[in-house]
Amino acid sequence: MAETKEIKSPPVSCPPSQLQYSPSLTRSPLLHSENEDTPHPKNKTPRMPFTPPRFNLTPLASPVRKALKLTKLDPQDAWLPITESRNGNKYYAAFHTLCSGIGIQALVLPVAFTILGWTWGIISLTIAFIWQLYTLWLLVHLHESREDGVRYNRYLELCFATFGEKWGKLLALFPILYLSAGTCTTLIIIGGSTARTFYEIVCGESCTSKPMTTVEWYLVFTCVAVVLSQLPNLNSIAGVSLIGAVTAVGYCTSIWVISVAQGTLPGVNYNPVRGGNNVEKTLGVLNAFGIIAFAFRGHNLILEIQATMPSSDKHPSHVPMWKGVKIAYTLIAACLFPVAIAGYWAYGQLIPANGGMLTALYQFHSHDISRFVLALTSFSVVVNCLCSFQIYSMPIFDDMESKYTKKMNKPCPWWLRTSIRIFSGFVSFFVGVATPFLASLAGLIGGVALPVTLAYPCFMWLKVKNPKKFSVMWCINWFLGTFGIGLSGLLIGASIYVIIETGVKVSFFNPK
């Protein structure tokens, strides 16, 4: 057989950060071979590092088609923060998933129990956990298509491919941007406020210096977050996500352990708190469901996290990704359930609606436990907010940089990348100062985010995988998807009603 003519790979402009922050150069997509780390022999045709996204694979012979499977990459992916480095592994996936999947929102779960009670609170939390774990499994297996060799590196990409660009924007663009940008703003509000509390605990009564205002603490938090955000890509913040995951598990565990050790408060009762008429009772229950849904955020980042991994026919990315997800959600379950159950047991109806377990710790036990424990808990919350800010802001950076790379057909220069991240961070700061009450809208945020977490993945599976009509998978996904969309609408309506009836301290440009 005649020797195959050697094809020269086109030059690819790749930022130096891919080499600088990659733990294993042989795992890079530019150096990735069919047999993982085995280099191509000189007498064989090398794989092209990038195939244009509109390249037609149909006329090619089957051996060549097989060789090009799962390598159909957009050349711009090498220039963008999410896909700049594909050296991820199951440990990185676990770090990112845990950091994005658990946080301060877990401490509000006992508030939902005050409405639902013991039985329905535990049942609802369990169903929500199993449901979101199932939709996570769907997303992990929808990330790459073995038929046409496409990897959907971003949640929006999969939405556009499934529902079409027009419907994808209508259905998913606002919830996803709301989750990313809204979460960053909420983290600034919570992180800045908790940093102020940490300073007051450490300083104590002997402090004579003039304390900073809440806005100034927001600014301090934002400056530190913006400095950390200069790390170039999603793989490079794996260590940051690890720190965020450790601190989240740490303060969740310490808060519920302290609450149990201190015992139940005097006058605690566990009778569900509901409105007088049936409408108010129903809306209160739905708002509690919204709080539980808010606790399970992070689905909008799963495809982005998986995009940092190499993939081939023999080693598809969904294998290590699912291993990382299982590790992360085992730890998440070990935090969420004890926080909800122990918090409700300790405080019952006395749990503060704004802040949940963290506020209860300061309000009821500030004189019973040492200042060191209080300070360490507050410091852990601040560090976790800083780390979570990095992973939730990465899709925003990626989207803004993609507009430049598409127009100029080259990677962003360092000064532009730095400017984008500074601008994005201070826009979130401005929104946080303008709307400091955003952190108290847990039920409404949960209702808006619910389709992204629990409904859209089911419809995506039906569209992409096309299971047999009336099969088990067909029935499960149609039921969960339809029920999720309907539940989302009810949660949003109920949350708005509860906010109007009970009131939220709306104070524009007046954080306290």
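In this predicted model, helix α12 passes α13 in a left-handed crossing. The axes of α12, which covers residues 357-365, and α13 come within 12 Å and cross at roughly 155°. Angles over 145 degrees count as roughly antiparallel, so α12 is roughly antiparallel to α13. On the side of α12 the contact is made by L358, L361 and Y362, and on the side of α13 by L374, T377, S378 and V381.

Helix α13 is one of several elements against which the buried part of α12 packs; the others are α4 (109-142), α6 (165-203), α8 and α11. The residues of α12 that are buried are M357, L358, A360, L361, Y362 and H365. An α-helix has 3.6 residues a turn, so residues three or four places apart point the same way.

A second pair of helices can be described in the same terms. Helix α7 (residues 214-228) packs with helix α14 (residues 414-434) at an angle of about 155°, and their axes are 10 Å apart. This angle makes α7 roughly antiparallel to α14. The crossing of α7 and α14 is right-handed, whereas that of α12 and α13 is left-handed. From α7, the residues V215, Y218, L219, T222, C223 and V226 take part; from α14, they meet R421, I422, G425, F426, F429, G432 and V433.

T222 belongs to helix α7, and its relative accessibility is 0%, so T222 counts as buried. Apart from residues up to four places away in sequence, T222 touches I188, G425, F426 and F429. Of these partners, G425, F426 and F429 are among the residues that α14 contributes to the packing with α7.

The account now turns to helix α3. Helix α3 comprises residues 90-101, 12 residues in total, and it reaches 16 Å from its first C-alpha to its last, close to the 16 Å expected at 1.5 Å a residue. At its N-terminal end, α3 is capped by N89, a side-chain oxygen of which lies 2.9 Å from the backbone nitrogen of Y91. How many of the residues of α3 are buried? The number is 9 of the 12, so α3 is largely enclosed by the rest of the structure. These buried residues are Y92, A93, A94, H96, T97, L98, C99, S100 and G101. The elements that cover them include α8 (238-262), α9 (278-295), α10 (302-306), α11 (318-347) and α13 (371-408).

G244 lies in helix α8 and is buried, with a relative accessible area of 0%. Leaving aside neighbours within four places in sequence, G244 is in contact with C99, N384 and C387; C99 is one of the buried residues of α3. G244 and L98 are 146 residues apart in sequence, and their C-alpha atoms are 8.4 Å apart in space.

The loop between α2 (62-67) and α3 contains P75. At 32% relative accessibility, P75 counts as partly exposed. The C-alpha atoms of P75 and N409 are separated by 9.3 Å, although the two residues are 334 residues apart along the chain.

Another loop, between α15 (442-465) and α16 (472-502), holds N466, and F470 is found in that loop between α15 and α16 as well. Most residues other than glycine have a negative phi. N466, however, has a positive phi near 50°, and F470 has a positive phi of about 70° although it is not a glycine. N466 counts as exposed at 60% relative accessibility, and F470 is likewise exposed, with a relative accessible area of 60%.

These details can finally be placed within the whole chain. The protein chain contains 16 helices and 2 strands. Of its 512 residues, 53% are buried. Among contacts in the chain with a separation of 6 or more, 82% are accounted for by residues 24 or more positions apart.

Conventions. Residues numbered from 1 in each chain as written. Predicted model: local features only at pLDDT ≥ 70, side-chain atom pairs only at ≥ 80, totals over all residues. Heavy atoms only, no water. Helix = DSSP H or I, 4+ residues; strand = E, 2+ residues; numbered from the N terminus. Expected span 1.5 Å × (residues − 1). Buried < 20%, exposed > 50% of the residue type's maximum accessible area, 1.4 Å probe, protein only. Contact = heavy atoms within 4.5 Å. Polar contact = N/O pair within 3.5 Å; in protein donor to acceptor, adjacent residues only side chain to side chain. Axes fitted to C-alpha atoms, helices over the stretch in contact; angles between N-to-C directions. Parallel < 35°, antiparallel > 145°, perpendicular 65-115°, else oblique. Left-handed = near helix turned anticlockwise from the far one by under 90°.
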